[in-house]
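The sequence and structure come first.

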Amino acid sequence: MSMEPFNRLVRLAARAFYDDITMKGDNQPKSGRGDNRGMAVVVLDALTRRQWVREEDLAKALKLHSKQLRRTLRFFEEEKLVTRDHRKETAKGAKVFSAAVAATGDGQQMVKEGEEKTKLHTHSYCCLDYAQIYDVVRYRLHRMKKKLKDELDSRNTIQEYICPNCGKRYSAFDALQLVSLTDEYFHCENCNGELVAESDKLAAEEMGDGDDNARRRRREKLKDMLQKMEEQLKPLTLQLARVKDLPVPEFGSLQAWEARANAAAHASGDSSAIDSTKSSQGQGYGGTPMPFLGETRVEVALSGVEVKEEDTESDIKATSMKVLPPWMIKQGMNLTKEQRGEVKPTSKMDESSAPVDDKKSKDMKGDEKSIQDEYLKAYYEALVKRQKEQEALKKMQQESETSRASTSDFSNRVSEALAERRVGMKSKREDDENDDVEWEEASPAGSTGGTYKLADLNVEANASSDDEDDIDWEEG
Amino acid sequence: MFFHITLERNMQLHPRHFGPHLREKLIAKLMKDVEGTCSGRHGFVVAITNVEDIGKGLIREGTGFVTFPVKYQCVAFRPFKGEILEAVVTMVNKMGFFAEAGPVQIFVSNHLIPDDMEFQSGDMPNYTTSDGSVKIQKDSEVRLKIIGTRVDATEIFCIGTIKDDFLGVINDPGAAS
C-alpha cells in the first residue's frame, strides 16, 4: 500500500511543526502536570495508523480524556490536517461503523449485542486528509521561506505606518490620502499627527542604535535563520518530494468510506463467515477482518461470481425479517411467527445443524451443503410419517397447546443455561441462537395449528426441492 | 497590462440629437462617457476602438430620452501585482515618491527604494545616490515593479518598488537639461 510515505510525511510534519504545541484553554494555569506538549504528535501518529475513527474510540485507545482529544482534533481541523464528521446516530448506526472498522482489519472493538438503544447520540469521527496535508505542509514551508526572504531583502513588503498619537494604522495603499501639502510627511487622518513608518517586527528588538549596523545585523540573523530552517526541515522537504508523484490515499467522506469498507469486506468475505456473523450482528456485514480494499476491487466483487451474489442476497433477506433470539422474547410481546423463529425451522436448521457439529461455526460451504441435504432427506421422511399420522393430529394438538403456554418461560431458561455455558464467547452468539432454534424445532410437530403447519411445510418442501439456497425458504 | 475587450453599455441620448447624425452623436457621447473611466473589474478604459453594435432604442416615458444598448470594443489597462511598469514621478517626499503610469497612481515608499539612495529635501526634493550619479525627482522616469494593488470600484492604486534588478531611473530629466 502506498500509505507509508504519506504517513511518514505526517509524522515528520507533526514533529516539525506541532511538537511544542500545548492544547490548553487559556484560562488554565500552566503547571507541570498539565503540560501536554507532544500530545499533538501522539494523536497524529495514532491517526496515521487508522482511517476513519470514532473519536471516543481514539480517546480510549490513547488513554486520553475525550475532551482533551477533541480540543486537539479541533486544532488539527483548523490546521486542515484532519477532516471530521459529526452525526447523530443510534447505537445501530454506530454498529455499521464498527463493522466497517472491523472490515479494515483495525477492529479491536467487538460488536456487543443488546445495545439496541433508540436514543440518538452525536458521534464524531475523524480522519487524516492526506491530500490536504500535503498541500498544507507545502504551503507552510513556502510561507516560512517567503517571509524570511522578504524580510531579508525587505522586498515586496507593503510598508505600514502608525500614528503615534492615536495608534491608528495605515498601509502604503493609503499613501495618497495621507500625503500633506505643507510638509513631506504623512499625516494622520484623525489627529493630523505625523505618521511613523512601522519597522519590521523582527527588526524591532534591535533597532535603536546605529541604523546601518542594526540593518546589517538583522540581515545576518535572517540569513542564519533561513539557513537553519532549510537544513532542519530537510527531511520534510525530501519526503514531500518523494510523495509528490504518488497517488494520494483517499478515504472519501465518512459515509462513502464506511460503505466502501463494508462492501469490500462483504464481497470478499467467504460465505460461511458471513453466515455465522449475520445473526450476531443483525446487519449482514461480514466479520472476516479484511484490510481496506480499493475501489476497483469493490467493483470487481459487485460484478462477481454468482455464488457470492447469492450470499449477499440471502444476507439481505435475513436482515429484512430478523429472528429475535428467544431470550428476548417475553410473554407480552406482539411478534410475528417469523420473528419467533417458529415458522421457518428449516431455514435455520441448515445453518444450525452445522455449528452444532463443529462449534467453530467456520465450517466450509460444501460441508454445509451436504448437511443440508441430509437434513432435508430426514425432514421429508418425517413429513411423510407425519402425514400418515394425520388422524392422530388432534390429540397432538392438544398436547402442543400446553407446551405452547410454557414455551416462552422454557426458552428463557434454556437460553440462560446456554449463555452460562458460553460466558466470554460473545462472538459466538449465533450458536446460542441456533441451539435455541433447534430446540424450538425439536417440538415442531404440533407447536402450531396442524393444518397451517402442514401447508407451510409443503411450501417449504417445494421450495427446497428446487435445491436452491436458503433464500426461498426464508421467504416462505 | 493592456486588454482589448468588448463591453456593453446602455447609453441615454437626449432627444435633441435625434436626426441624421444620431449614430455619430451616440458614439461621440460614448467616448466622452467611457474613455478614462476606471472600473475595478476591467481597469481603466483607455480608448474605444470600435462600436460593434447599437441595439434598438427605447424611449423612456416622461423624459423623452432614448436608451440604446451599445456594444463596443475598447483597450483597457489594468495593473497587476508583479507587473513591471514605466512611470513618471509626480511627487517626492520623505516617505517615498508617487509616480503615474498613464492613469494609474503608484506609490513607492522609501523602504522600497535602494538603500544607497538618500532623501534630499529642498526646493526640488529628490532621492540621490551618494555619488550623485542617479537622482529621482519630479518628472523623472522610473521603471518599477508593482508589488500590491488596491482595487476599488472606481479606483486603482498601486504600490511599487524599485529595489530590484533593472529597476530605477531610466531617464533623468535633470541630467538632460
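## Contact between the chains

The contact is made by 22 residues of chain B and 21 residues of chain A. The model is a predicted one. Between chain B and chain A an area of about 2000 Å² is buried, and carbon and sulfur atoms give 61% of it. Three residues, Met95(B), His111(B) and Arg150(B), supply 28% of the area that chain B buries against chain A, more than any other three residues.

Between chain B and chain A the count of salt bridges is 1. Its partners are Arg150(B) and Asp174(A), whose side chains meet at 3.2 Å, N to O. The count of residue pairs in polar contact between chain B and chain A, both residues at pLDDT 80 or more, is 2.

## The chain B side

On the side of chain B that touches chain A, four strands each supply at least two residues: β6 (84–93), β8 (104–109), β12 (141–151) and β13 (156–161). Strand β12(B) gives the most to this side, with 5 residues. By class, the side of chain B that touches chain A has 9 nonpolar, 7 polar and 6 charged residues.

## Salt bridges within chain A

Over all chains, the structure holds 16 salt bridges. One of them joins the side chains of Arg87(A) and Glu258(A), with an N to O distance of 2.9 Å. This pair links distant parts of the chain: Arg87(A) belongs to strand β2 (residues 82–89) of chain A and Glu258(A) to helix α11 (residues 254–268) of chain A, 171 residues apart. Arg87(A) has a relative accessible area of 15%, so this residue is classed as buried. Glu258(A) is also buried, with a relative accessible area of 8%. Both values fall under the 20% cut-off for buried residues.

A second pair in chain A is Lys228(A) and Asp224(A), whose side chains meet in a salt bridge at 4.0 Å, N to O. Because Lys228(A) and Asp224(A) are 4 residues apart in helix α9 (residues 211–232) of chain A, about one helical turn separates them. Lys228(A) is partly exposed, with a relative accessible area of 45%, and Asp224(A) is partly exposed at 40%.

## Salt bridges involving chain B

Within chain B, Lys29(B) forms a salt bridge with Asp33(B), and the closest N and O atoms are 3.4 Å apart. Both residues lie in helix α1 (residues 22–34) of chain B, 4 residues apart, which is about one turn of the helix. Lys29(B) is partly exposed, with a relative accessible area of 28%, and Asp33(B) counts as partly exposed at 26% relative accessibility.

Elsewhere, Asp174(A), Arg150(B), Asp152(B) and Glu155(B) are joined into one network by salt bridges that share partners. The bridge between Arg150(B) and Asp174(A) was described above with the chain contact.

## Chain A as a whole

Chain A contains 22 helices and 6 strands. Of the 476 residues in chain A, 44% are buried. The accessible surface of chain A comes to about 26200 Å², with 51% belonging to carbon and sulfur atoms.

Among contacts in chain A between residues at least 6 apart in sequence, 72% join residues at least 24 apart. The pair Arg87(A) and Glu258(A), 171 residues apart, links distant parts of this chain.

Technical notes. Residues numbered from 1 in each chain as written. Chains lettered and ligands numbered in written order. Predicted model: local features only at pLDDT ≥ 70, side-chain atom pairs only at ≥ 80, totals over all residues. Heavy atoms only, no water. Buried < 20%, exposed > 50% of the residue type's maximum accessible area, 1.4 Å probe, protein only. Contact = heavy atoms within 4.5 Å. Buried area = accessible area lost by both parts, 1.4 Å probe. Polar contact = N/O pair within 3.5 Å; in protein donor to acceptor, adjacent residues only side chain to side chain. Nonpolar A, V, L, I, M, F, W, Y, C, P; charged D, E, K, R; others polar. Areas by Shrake-Rupley, 256 points an atom, 1.4 Å probe, with all protein chains shown as cover.
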